[in-house]
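Visitor: Could you walk me through this structure? I would like to begin with the terms you rely on.
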Amino acid sequence: MSTMDDPAMEDPMFQVGHSDGGTPDQRAVAGELSRAELAATREEHARLAEGALVRADELVAGYVPGVNILNGCDFYLQDGELVGIIGPNGAGKSTLLKTLFGLIPVRSGTVSLRGEDITSAPAHRLVSLGVGYVPQNNNVFPSLTIEENMQMGAYLRPKVFRERFDYVADLFPLLGERRKIKAGSLSGGERQMVAMGRALMMEPSVLLLDEPSAGLSPAYQDEVFIRCRRINATGVSIIMVEQNARRCLQICDRGYVLDQGRNAYTDTGESLMHDPKVIELYLGTLAKAH
Ligand SMILES: Nc1ncnc2c1ncn2[C@@H]1O[C@H](COP(=O)(O)OP(=O)(O)OP(=O)(O)O)[C@@H](O)[C@H]1O
Ligand SMILES: [Mg+2]
């Protein structure tokens, strides 16, 4: 799409930065936008998202007729990246993940995987294309054992169960040690591991994680972040929504700040942590103290 089709580009504030080209940094200096705000504009998104593994363009989606929760959201994930999504409550973070996974009706915009259109594709097709999704809640079968939960995860490929279970048990030794225990008797942190393990049984190339550290003790939270990095190091690209914004930005390659259903800022995790506006609006006084 040409940038001229985008009403936002008629805004004089955007035109300061776009009149004479230049790098995002040069344009950020020339205009009012910070580097992370510029990167979140449609033009920069279109440029940076080239060749992405997962890509969403101008997504508009919602639950109730007439009420849009995503309002033209752009997003991309390059192969091998760990991308974090943070933002205030109700910003649409979970809705974005659900929309990427085809669970919410898309009113306009597109989602693609390796260049293939997967907008509103059913979950089973996405799973077979290598997308794993771990929702925030109710993400294990409590009456089944850990091992049975893993079998449910590998239902499309029963022959590789043993090999995949070994991989998962290597990442989460507890799941191997306690394989005969019912998932319902586990703590929140342990259940989170079961949920992630189950998604990994299908050997996904992309994992969508909704608040993997929510409700866990600080020690378990750290554990989850470390595991996510390890999973990513084994070649799984990850999209992670997190309440624990600072920790998320510390470990992710790139982050998005979502606000009112749009990507408001995007940059490396490190840069976002030091962006004055992001600190002011989303990281709070805790971040200022560091
Ligand atoms: N099933 C639903 N039906 C109707 N509205 C919903 C539904 N789920 C979420 N919403 C609304 O969509 C908006 C965005 O919700 P969403 O869960 O995506 O936010 P979030 O950024 O994940 O917030 P949180 O940080 O609280 O998890 C909210 O206003 C919420 O009330
Ligand atoms: Mg949420």
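Guide: A residue is called buried if 20 or more other C-beta atoms lie within 10 Å of its own, exposed if 12 or fewer, and partly exposed in between, with C-beta atoms placed from the backbone. Helices (H or I, at least four residues) and strands (E, at least two) are DSSP runs numbered from the N terminus. This is a predicted model, in which local features need pLDDT of at least 70, side-chain atom pairs count only at pLDDT 80 or more, and totals for chains, interfaces and linings use all residues. Residues are numbered from 1 along each chain as its sequence is written, while chains are lettered from A and ligands numbered from 1 in the order in which they are written.

Visitor: Which residues of H5 are buried?
Guide: They are Lys93, Thr95, Leu96, Leu97, Lys98, Thr99 and Leu100. Helix H5 spans residues 93-100, and seven of its eight residues are buried. After H5 comes Gly102, with a positive phi near 75°.

Visitor: And what surrounds ligand 1?
Guide: Its shell (C-beta atom, placed from the backbone, within 6 Å) consists of Tyr63, Val64, Ile69, Gly87, Asn89, Gly90, Ala91, Gly92, Lys93, Ser94 and Thr95. Four of these residues are nonpolar, six polar and one charged. Here Ala, Val, Leu, Ile, Met, Phe, Trp, Tyr, Cys and Pro count as nonpolar, Asp, Glu, Lys and Arg as charged, and the others, Gly among them, as polar.

Visitor: Turning to strands, how does S9 pair with S3, parallel or antiparallel?
Guide: Strand S3 (residues 82-86) pairs with S9 in the parallel sense over four bridges; two strands pair if DSSP finds at least two bridges between them. Ile85 stands opposite Tyr256 in S9.

Visitor: What about S9 and S10?
Guide: S9 and strand S10 (residues 262-268) are antiparallel, with six bridges. Tyr256 stands opposite Thr266 in S10. The hairpin of S9 and S10 has two residues between the strands, and Gln260 there takes a positive phi near 45°. Five of the six residues of S9 (residues 254-259) are buried.

Visitor: Where do S2 and S5 stand in their sheet?
Guide: The open sheet of four strands has the order S2-S1-S4-S5, with antiparallel pairing. Strand S2 (70-77) and strand S5 (116-117) are at the edges, each with a single partner strand, so one side of each lacks a neighbour in the sheet.

Visitor: Finally, how many residues of H10 are buried?
Guide: Eleven of the 13 are buried, so H10 is largely enclosed by the rest of the structure.
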